[in-house]
Amino acid sequence: MEWGLVLSILGAALAAGCAGSGSALGVGVAGESGAGVMTEDPGKFGLVLLLQAIPGTQGIYGLLTGFYTIMKVGLLGGSPMSVTLAQGMAILFACLPIAIVGYISGYSQGKTSAACIQLIAKRPEETGKAVILPAMVETYAVLALLMSIILLNGIKL
């Protein structure tokens, strides 16, 4: 196997793995907070679930970037393309925005969601505001996804 292809696979793996790990941590943190709220009021399950699910999007963004990368190098099509070392490095670096930001924002969004779950425990009428706060963190994950896709599109194979 050539090194360019190996680096491309590494980029795809980091995009999916790091962003997915950030989402897993974030969903876990929010779930811990939600479980505490639901012990007091099981009727808040729907609101808690909404806020717990929000940090999971970074994992989806990383997975999309990973799939896009392996499709770009022909791994899903059956026959891998010839990828030079320079192209492989470029693909690896193009995957880093969503890998890094996906990890950090997934975990940070989970902490924000956990705080907002506590908000709706005390003031359920503030649900709209409680959803906006974690959505602010989401903005940076979307920007990182956009950057990774733009960079990947710019690499000619």
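Predicted model: local features only at pLDDT ≥ 70, side-chain atom pairs only at ≥ 80, totals over all residues.
**View 1**

**View 1. Ser23, tucked into helix α1.** Ser23 sits in α1, the helix made of residues 3-40. Is Ser23 buried or exposed? Its relative accessibility is 4%, so Ser23 counts as buried. Leaving out residues up to four places away in sequence, Ser23 touches Pro55, Gly56, Thr57, Gln58, Gly59 and Gly106. One of these neighbours, Gly56, has its backbone oxygen 3.4 Å from a polar atom of the Ser23 side chain.

View 2. At 28% relative accessibility, Leu14 counts as partly exposed. Which residues does Leu14 touch, if we skip those up to four places away in sequence? They are Ala19, Leu92, Leu96 and Ala99. Take Leu92: along the chain, Leu14 and Leu92 are 78 residues apart, yet 8.5 Å separates their C-alpha atoms. Zoom out to the whole protein, and residues 24 or more positions apart account for 85% of the contacts with a separation of 6 or more.

View 3. A disulfide is a covalent bond between the sulfur atoms of two cysteines. How many disulfides does the model have? The count comes to 0. Cys95, for one, is in no disulfide, and the nearest cysteine sulfur, that of Cys18, is 11 Å away. Cys95 is buried, with a relative accessible area of 0%. Cys116 counts as buried too, at 3% relative accessibility.

**View 4. Stretches named in the UniProt record.** The unreviewed UniProt entry lists "domain: V-ATPase proteolipid subunit C-like" at residues 10-68 and 93-151. In the model, residues 10-68 are 88% helix and 0% strand, with end C-alpha atoms 13 Å apart. For residues 93-151 the share is 93% helix and 0% strand, and the end C-alpha atoms lie 9 Å apart. The unreviewed entry also places "transmembrane region" at residues 50-71, 83-104 and 131-152. Residues 50-71 come out as 86% helix and 0% strand, with 32 Å between the end C-alpha atoms. Over residues 131-152 the chain is 100% helix, again with 32 Å from one end C-alpha to the other.

**View 5. Stepping back to the whole chain.** Altogether there are 5 helices and 0 strands, and from the N terminus on the order reads α-α-α-α-α. The C-alpha trace spans about 60 × 20 × 20 Å along its principal axes. Of the 157 residues, 41% count as buried.

Notes. Residues numbered from 1 in each chain as written. Heavy atoms only, no water. UniProt positions renumbered as here; feature names shortened; annotations may be inferred. Helix = DSSP H or I, 4+ residues; strand = E, 2+ residues; numbered from the N terminus. Buried < 20%, exposed > 50% of the residue type's maximum accessible area, 1.4 Å probe, protein only. Polar contact = N/O pair within 3.5 Å; in protein donor to acceptor, adjacent residues only side chain to side chain. Contact = heavy atoms within 4.5 Å. Disulfide = S-S within 2.5 Å.
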